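Please examine the sequence and the structure together before reading on. The paragraphs below then lead through the chain step by step.

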Amino acid sequence: MAFGGTRGLVPRWELPVGVAALLLLLFSVTAAQEPSVAACSQNTNRTCEECLKNVSCLWCNTNKACLDYPVTRILPPSSLCTLSSARWGVCWVNFEALIITLSVVGGAVLLALAACCCACCCRRKRSRKPDKEEEKAAREREERRVRQEERRAEMKSRHDEIRKKYGLFKEENPYARFENN
């Protein structure tokens, strides 16, 4: 997959340079074009800057040729000029660096989009179903409440028996004691 030339470690500053080049290319396409009366081939064997003044021209760095950009294709074919030496829009960015930059930026955007979707889906799923630990804690609280109620009823019945035994039981009607004797 070599496009010509050897590769080593890429410095970190080249990524922002590539992004800046992409933006510059996009701005140069949308900017008002100068009327091109001269053909691109007239700028062959001159400088890259002179060639790229005309937006419809492509500069090939290997043979110093100024060519008409093949508008029927997105990328120039390798028979016309290799991607590592083709320049369009600005002279300091080649198509190879542009493709790598676009793929890295596109991959990062897709990865961020996937992470956001996963986070939203997981949060929505979690909010719909109560957690198993929460269910267990609620069950335990209910069991404790039921046991406490049972203990209270048992203690009340014991206390009532003791009150009856010693005659301290408070009846609803205080005169009911006299009627039964």
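Predicted model: local features only at pLDDT ≥ 70, side-chain atom pairs only at ≥ 80, totals over all residues.

Residues are numbered from 1 along each chain as its sequence is written, and side-chain values use heavy atoms, with hydrogens and water left out.

In soluble globular proteins, nonpolar side chains tend to be buried together. Here, the largest nonpolar core comprises eleven residues, among them Leu58, Cys60, Cys81, Ala86, Trp88, Val93 and Phe95. A nonpolar core is a set of buried Ala, Val, Leu, Ile, Met, Phe, Trp, Tyr and Cys residues joined through side-chain atoms within 4.5 Å; buried means under 20% relative accessible area, exposed over 50%, and partly exposed in between (1.4 Å probe, protein chains only). At least two residues of this core come from each of β1 (57–60), β3 (86–88), β4 (90–94) and α3 (95–128). These elements are DSSP runs numbered from the N terminus, helices being H or I of at least four residues and strands E of at least two. A second, separate core of seven residues includes Cys48, Leu52, Cys57 and Trp59.

Not counting residues up to four places away in sequence, Ala86 touches Leu58, Trp59, Pro76, Cys81, Val93, Asn94 and Phe95, where contact means heavy atoms within 4.5 Å. Cys81 lies in the loop between β2 (65–68) and β3, and it counts as buried because its relative accessibility is 3%. With neighbours within four places left aside, Cys81 is in contact with Cys60, Pro76 and Ala86.

How are β3 and β4 joined? They run antiparallel, with two bridges between them; strands pair if DSSP finds at least two bridges. Trp88 stands opposite Val90 in β4. One residue separates the two strands of this hairpin, and Gly89 in the turn has a positive phi of about 90°.

UniProt, in an unreviewed entry, lists residues 97–122 as "transmembrane region"; its positions use the numbering adopted here, feature names are shortened, and annotations may be inferred rather than shown by experiment. Over residues 97–122 the chain is 100% helix and 0% strand, with the end C-alpha atoms 37 Å apart.

Most residues other than glycine have a negative phi. Asn45, in the loop between α1 (14–30) and α2 (48–51), has a positive phi near 65°. Asn45 is exposed, at 64% relative accessible area.
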